[in-house]
Amino acid sequence: MSPLATALFGLAVLAGAVGLAAILTWFERRLLGVWQDRYGPNRLGPLGILQVVADMLKLLTKHDWVPPFADRVVFVFAPTAIVVAMLLGFAVVPFGEHLYLLDLNIGLLFFLGMTSLAVYSVLLGGLASNNKYALLGGLRSAAQMVSYEVFMGLSLMGVVMLTGSFSLRDIVLAQQDLWFCIPQVLGLYVFLVAGIAESHRLPFDLPEAEHELTAGFHTEYGGMKFAMFMLGEYLGLILICCMITTVFFGGWLGPWLPGPVWFALKTSLLICFFVLLRAAIPRPRYDQLMSLGWKYMLPLSLFNLVLTGAIALWLRGA
Amino acid sequence: MLKSLRSQLTTLWTILSHTFTRAETVQYPEQKPYLAPRYRGRIVLTRDPDGDERCVACNLCAVACPVDCIALQQDVREDGRWYPEFFRINFSRCILCGMCEEACPTNAIQLTPDFEMCEYDRNNMVYEKEHLLIDGPGKYPDYNFYRVSGLAISGKDKGEAQRELPPIDVKSLLP
Amino acid sequence: MATIRIDQQEYTVRDGDNLLQTCLSLGLDLPYFCWHPAMGSIGACRQCAVLQYQNEEDQRGRLVMGCMTPVSDGAIFSLQGDKAQRFRKTIVESLMLNHPHDCPVCAEGGECHLQDMTVMTGHRDRSYRGRKNTHRNQYLGPLIHHEMNRCITCYRCTRYYRDYAGGTDLAAMAAHDHIYFGRHEDGVLESEFAGNLVEVCPTGVFTDRQLVHQYTRKWDLQSAPSVCTACAVGCNIVVGERYGKVKRVHNRFNAEVNGYFLCDRGRFGAGFVNLESRLEFPALRRPDGRYDALDHHRALEHALRAMEAEKVAAVGSPRASVEANHLLRLLVGNARFYPGWSRGEQGAAIRAMELLRDTEATVPDLAQIETADAVLILGEDVTNTSPRVALSLRQAVRNRARDMAGELRLLPWQDAAIRNLAQDTRNPLHIAAVSNTRLDDVAASHTCLAPPDIARLGAAVLEELLPGEGQHFGDPTVDALAQQIARDLRQAKRPLIIAGAGYGNTTIMEMAAELAAALCHGGCEAMLSLCQGEANSMGLALLTGTGGARVHRLEDMIVQGDIDTLLVLENDVERRCSRRGFKLLRKHVKTLITLDSLDTATTSLSDLVLPTASFAESEGTLVNHAGRAQRYFPAFPPANERRPAWFWLLALAHERGIEATSRLHQFDEITRHCAASIPALAGITEAAPRSQFRAHGLRVPRQTHRYSGRTAMRAALSVHEPKQPQDEETPLAFSMEGSQRDTPGALLPYFWSPGWNSNQSLHRYQKAVGEPLRGGTAGSRLLYRQGHATLERAAMPGAFEPRENQWYLVPRHAIFGSDELSALSPPLRELTHPAWLEITPAAAQALQVIDGDGLIIENERLRGYRLEVRINPSLVAGCAAYSAGHAGTFGLLPGEWVTLQKDPDWQRREPAVIASDRGGVA
């Protein structure tokens, strides 16, 4: 692609991701409504889609307030970090065989790196607020990220072993015959769980935990700064879904339809699945979350790694 | 672990199956839901079957109120009935829990199936007795406290309440 | 000590107590009705039934009444036994047979012993389906409301009223189902202690008539520990407030002072706090005589400008706290501080203080008075000057009965047995007064003598005790009486001599002191009690000491124009000086500044009035007649620009730059400064804990934990709730948060304990039933026996010689009316009579007047006094008794000779129909 096309495509990805995230705020609420036997936002525009616009207007016109007791610079900086990190993550996502921004040979690592950066946003936001709830939320998110990052990476290593590459495009191409969701079913499971935790969505939204911590790390945030956090969260959700599609569900691969359509379809279904999780599964206690991570997920991902390695060696030997 | 996994998968499936069930909620302002008579909404003060106010200002509702949003002051009328000189409910504090109704020994205070009481000014959420008092007996059409109480009021002397004997003549020598 | 077993649990308890008392002391819940810690047991209600077992093998046990069963070593009881529980439940059910469905409209509801006991026994459903008995109520006066339907016939009312308080007009009438507790006909209850029926009655038969209107439940009252200001006895009270109004006064147990009971003056006399005529804002007099309201900044400015004048003097007050008087004295200097008594009062108060300070005898608290075994009252009508003392004296004369019971090894709580045994046998009580008194029915002798003769009687008794110069009375009957009195006193172990300032005669008090000293020398534990006039008379006497400026000097200075600015602290000068003196005050003083809570004659003359907080809204220390310093605390913050007197005075002192006050900012600091600078008052800091005191880290809450309506009380004004008022000056909080556990006695704002909502919960606060409070007894004694009384035998006073056509004035006190503030309380105002003059029938005949006519009183000093005549056959010939403290008798002095003549223009008063005479309902 020419540099101009790349730039235009980049802008398109940017706009698409942000736009999708915005629509997702409405879509998620509608979907939750369906599953919880109620309506959800249905008043503004067809099916209530203009709720997005209304929410946006509201958030934009809100008083842009920084609490006097907060660490001003960090407080303002924190919400932008999450959005930037998440958007950067999209750079390595291959939407189609030839539809991507970057084909880094360490694409997977880049993705992992970007999602890890997002933690700082939550952590700093929590600390800078100078508020007990925010601090607790920040602390929780730090511990949660540190724990779940470990096997998030490990769960993907099986795929890397089978592919022999960190490049996401190579990983997709390696799934021509069989999507990795079959041989790497354990990896998929672990990555799914870690992905939810990483994007701190329900049921693993302990940093926020409205019922215990008011609003967790963003207790003191309002207006656009709050919107940035929400944007970052939804971007994270889309990014994780894109990643799962790419790594485990053959990316753009599929019969009859063009690749990007397949990609979009698979990603949307995954998003719906994430919303379903939110609708169905209650939030665990914090110690349960930690013990799940360290006592089950980590051994499971290590087991997957060893098993994959053994099978790969056995296959190669055979 | 496997058991909980199974339970979670069942949960997911149950929720997913709700894709095809109808919404339980209604389109509220256009469509009004049915509220049972015992619904706990706006609080009213009711009247006896004979039309006099039921509240005897015993303060039990006030003390039962978990948010302390009821304040009143008792006084005695010329005819001997206890009544609230003022009776105030701060609905901006009220949680519509119905404890006052439970506590009321005269069935005076009752919760009604009306919850549409939003105001732009919080001061308008403070209801005084004239706002609370309604003209009927509410959910208990027959109860009349002074017909069972031993207190004499004008029109009901000692011994004229239900299941009471006429006053004893202390000076009588009859057994 | 005995070891007993109750429900398989061993307890070591005091031998000789009854089981009910023991259980309550141990903190066990055992229901009861007829028993009362101050009145003993009669076993009438059958409610405290428990099972007693013969021995270890006995499995069945037998039902005994807890209140009638003495505990003895090795006894085995069961409260929880099935049979006992069922029995108690059935008893409550039978007591409730005819109890009306009244709780919501009953003033006892929420603090009803019957409710508590019903819940405690577990009775819920009435199985009786028959019709209930009903009764007609009686009108018992403006103080007590009667609702006979509610009676459970426990007999506590008549036992209290007749046996304890000596009343005669309340009794049990008829029998079985017809039983009725009341008077023979409608009418005001005669006893001065009838108000205690409200607390004694376990249910709502007798309730506070004032509280039935604008009623507030106990849990809604914001209460504070306080001290009664209606007389010098200083009974401990609890003041309950709601919506900025004092709702009621209840007894606050103090083992050494008032115990379980108050007098009606104290209980119903706080109504003045609610008067519409209370001052709310500082007022500045305009030239046309009307007043402008100011805020306190401008008021202080005006006061300071007036105080810049050269000659500033101040008048203190025996009804203001020690602290306020102390600050006032600092403000103007010792030489220009006048204590605020009238001529007669000052001499009597100071002399009484000196006598008590120097006496060798014990200066008794009420509890000690109740232990006396022979009493001589010299010239004091205690029922009307220090009413609560009279109730204690009625108990003291019963000590003989207890001694007799002790000889037969009856236990002291076996009330009916002891009364039967003793019948009318009592310890000797001798009374010498100008006319009949309310204690005559229990007195061994009662003599009517003129005040100088009372002193002579004292001297005659002294002569019998310590034969000396042959000072005999002269009259053989009186001399025989003196012999009898001396014999009784000499035989007693704890003789008590009571005198007081009531007749304004210091010689009587000196005689009393000498008698006490003589008895002390005789080797017994003699007691001397001198009644004082007002709540803080003793405190003011200790503050000024012997050398205080005399009030007649103030009058002189006023006349000489030697005073430009006069500050008057909580004192109505009209009551203290002659009519002429009061007129001169306005004429010669350039600026008159008055601090008072009520609108009085003095405030109406003043150029600047600063509104002070009443005793229910401020803190202060009072010293009672026996020298006990006690602290009262505000029940609610003062409204508007009312401030405690000490607050105004401290602000003035700061602005004036008074060196001594520069370091004083808080109330406690004033108390400490006062204690440090006046040795006689050194003990006042011990009267109550300081403001930093915390129980378990928390302040003592004034509100109960059920206090209701917090978010709605103020909502009519604004829905935005203000912060709770903070109280920096005391350890109490205007809040329901805090701890009431282990609270010192001086800080207890109310009595409540789980399951015991009524005042019977008191026993949970006592070390054991009837004993002092666990947190310590409130107050601190300032007078200790110093034991170096000099026995200077005073010369025999001159005999009283009646004069032809002249009468000797003696003050006659009235329980309702003589005290300035309580007389303004609405219920007591109904019982207060307009000023009167008592004369003998012979005098009435000579003057040709009958009851209700008018008399003009005159002498060279007095002009224009007109009073209503009352004929008193028991009055001493030659004397005329005027109603002290009543409007119309101000300026009359005891011991003056006056001429009387019929007032031809007198309008006879119609028999007053008082407001609550409506009778019938409510």
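1. In this predicted model, the side chains of C:Asp424 and C:Arg426 meet in a salt bridge with an N to O distance of 3.6 Å, where a salt bridge is a side-chain nitrogen of Lys or Arg within 4 Å of a carboxyl oxygen of Asp or Glu. C:Asp424 counts as exposed at 62% relative accessibility, whereas C:Arg426 is partly exposed, with a relative accessible area of 31%; buried here means under 20% relative accessible area, exposed over 50%, and partly exposed in between, with a 1.4 Å probe and protein chains only. In chain B, salt bridges that share partners join B:Asp48, B:Asp52, B:Arg54, B:Arg77, B:Asp79 and B:Arg81 into one network.

2. On conventions, residues are numbered from 1 along each chain as its sequence is written, chains are lettered from A and ligands numbered from 1 in the order in which they are written, and side-chain values use heavy atoms, with hydrogens and water left out. Local features need pLDDT of at least 70 and side-chain atom pairs count only at pLDDT 80 or more, while totals for chains, interfaces and linings use all residues.

3. Over all chains the count comes to 66 salt bridges. One of them joins the side chains of B:Lys139 and B:Glu101 at 2.7 Å, N to O; because B:Lys139 lies in the loop between helix H4 (129–132) and helix H5 (145–148) of chain B, and B:Glu101 in helix H3 (residues 99–103) of chain B, the pair ties together parts that are 38 residues apart in sequence. Helices (H or I, at least four residues) and strands (E, at least two) are DSSP runs, numbered from the N terminus. B:Lys139 is partly exposed at 31% relative accessibility, whereas B:Glu101 is buried at 18%.

4. Chain C has an open sheet of 7 strands in the order E15-E14-E25-E24-E23-E16-E17, with mixed pairing. Strand E15 (291–293) and strand E17 (337–338) of chain C each have a single partner strand and stand at the edges, so one side of each is left without a neighbour in the sheet. Within chain C, strand E14 (residues 283–285) pairs with strand E25 (residues 608–611) in the antiparallel sense over 2 bridges, pairing being assigned if DSSP finds at least two bridges between the strands. C:Leu284 has C:Leu608 in E25(C) as its bridge partner. A further salt bridge in chain C joins the side chains of C:Asp288 and C:Arg286 at 3.6 Å, N to O, and C:Arg286 is partly exposed at 30% relative accessibility.

5. As to how the chains meet, 2 pairs of chains touch, and chains B and C have the most contacts among them, contact meaning heavy atoms within 4.5 Å. Chain A and chain C are joined by no contact, and their closest C-alpha atoms lie 23 Å apart.
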